[in-house]
Structure formats: C-alpha cells, structure tokens
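Please open the model in a viewer and keep the selection panel at hand.

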Amino acid sequence: MTDAVARSPRERYREQMRAEIKRCAWEQIATAGASALSLNAIAKQVGMSGPALYRYFAGRDELITELIRDAYRSLADTLRAARDSGADVSGMAYALREWALADPQRYLLVYGTPVPGYHAPDDTTAISNETMTMLIEAFSALPLDERATPFDTHLERHRRWAPDNVPATTLHRALSFWTRIHGVLSLELAGHFTGMEFDPALLFADEVNSLLTE
C-alpha cells in the first residue's frame, strides 16, 4: 500500500494546505523579503482566517523553519544528483550556482541576512551539513595539499564538525571553496554587481578555477 493511499483524506488535505501555505509564503518572501512574512496575509490569500492557519503552522517561526528545511533539502538533493552524475568539485559549484539563480529568494533565505528575531532549531544544521560533507568528500578525492597554514593548525583543534580521517589541509580547502563561491553568489544575487558592466558568470568561473589551482 502506498503512502498516498495509507493516509486518510484529512491527512492528505492537511498536507495540501501546508504546501499551499508554503507556496504563498515563498511568493510573499519574493515580494517583500522574509522579515516581512505575514501569516495573516497568507491566510487571506489561501482563503482562511488568521486563527485557522495556526492549525497548520504554530507560528511564523515554524513556517520559516519549514521553508529553510525545504531549501536545504533541495540544495542537498541538487548537489547529490550532480555528484552522482559524475560532477567533480567544479561541477558541483556550477550546480550550486544554477540552483541559486533558479530561485534567488530560496538561496537568500538560507545564506543571506538572518531574519530578525528568528532562531533556527538545531536539526536544520544537520540538513545544511550534508552539502559540506559532499564538498569535503569531493576535495578528499583530489591530491593532498601538504602546505600547512596557521588556520590548518587551528582546525586540528576545532574539527568536531568534520570526519576524523580527513586532513586539516583538505578541510581548509573545502571551507575556502565554500566561503568564496558563496561570497560571489551572495553579492550577485543581492544586486551588488549591478551597473559594474561585467559578467558575474565569468567572475564565478575564475573564482572556481583559482580555488582549484592555488
């Protein structure tokens, strides 16, 4: 028996309403930003009263948490699909950029300015860590960089977030790659390159190449 058949009509309706509420929330975020998310406005859009919406989400923070989880899951699935199709570190970076450009607000919700007053629960970190784990695995397949820096030494004492068998120099390369490509993407999606008359795609490509050849 499939899950769809096993669920009762009430459960299926609840899932449909939650999905519709989240769709409206994404539309609102795209228009006014996550900090302006209004449950009352969403309730009106889906045709229910404000109090009725709380039967589906306990409050704004729970709704934002669901949106963040969905975004992280979508990104992790995108990178995993790229990796499983044979993409190397460079290919995963371009898959990340395509994912971000396809829905900038989704990207900015998880990597942009934090929503005032919102604190994500701990379990969202586990989902976000999947992307870093795949990146570390991809860098582990590359030749080992024997050059040690002061930060590499620091990482040896602050690496509980990473596998024990991965050298600190590899972790450093993965972290540098992660921070710098997100830096370029965040600036591009926030519009900071507007009017500068260069192609952000070429800047991104140069950054990726330089990070893999340094």
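## Confidence along the chain

Begin by colouring the model by pLDDT, the predictor's confidence in each residue, from 0 to 100. Helices here are DSSP runs (H or I, at least four residues), numbered from the N terminus. The chain average is 91, and 97% of the residues score at least 70.

This is a predicted model, in which local features need pLDDT of at least 70 and side-chain atom pairs count only at pLDDT 80 or more, while totals for chains, interfaces and linings use all residues. Residues are numbered from 1 along each chain as its sequence is written, and side-chain values use heavy atoms, with hydrogens and water left out.

## The nonpolar core

Next select Ile42, Met48, Leu63, Phe177 and Ile181, the residues with the most contacts inside the largest nonpolar core, which has 62 residues. Such a core is a set of buried Ala, Val, Leu, Ile, Met, Phe, Trp, Tyr and Cys residues joined through side-chain atoms within 4.5 Å; buried means under 20% relative accessible area with a 1.4 Å probe, protein chains only. Helix α5 gives the most to this core, with 10 residues.

Now centre on Met48. Neighbours within four places in sequence aside, Met48 is in contact (heavy atoms within 4.5 Å) with Met17, Ala43, Leu53 and Tyr56.

## The cavities

The structure holds 2 cavities of 30 Å³ or more. A cavity is a set of points on a 1 Å grid over the protein atoms alone where a 1.4 Å probe fits but cannot get out, and lining residues have an atom within 4 Å of a point.

Select Leu79, Leu96, Leu135, Trp178 and Ile181, the closest to its centre of the 13 lining residues. The elements that give two or more residues to this lining are α5 (60–84), α6 (89–102), α8 (123–140) and α10 (168–189). By class, the lining has 11 nonpolar, 2 polar and no charged residues.

For the second largest cavity, of about 30 Å³, select Phe139, Leu142, Pro143, Leu144, Asp145, Thr170 and Arg173, which line it.

## A loop arginine

Finally, select Arg159, in the loop between α9 (150–156) and α10. Is Arg159 buried or exposed? Arg159 counts as buried because its relative accessibility is 10%. Residues up to four places away in sequence not counted, Arg159 touches Asp164, Asn165, Val166, Pro167, Ala168 and Leu171.

Key:
1 Å grid on protein atoms, 1.4 Å probe; cavity = no way out; pocket = protein on both sides within 12 Å on 5 of 7 lines; lining within 4 Å. Points joined across faces, edges and corners; volume = space filled by probe spheres on them. Nonpolar A, V, L, I, M, F, W, Y, C, P; charged D, E, K, R; others polar. Buried < 20%, exposed > 50% of the residue type's maximum accessible area, 1.4 Å probe, protein only.
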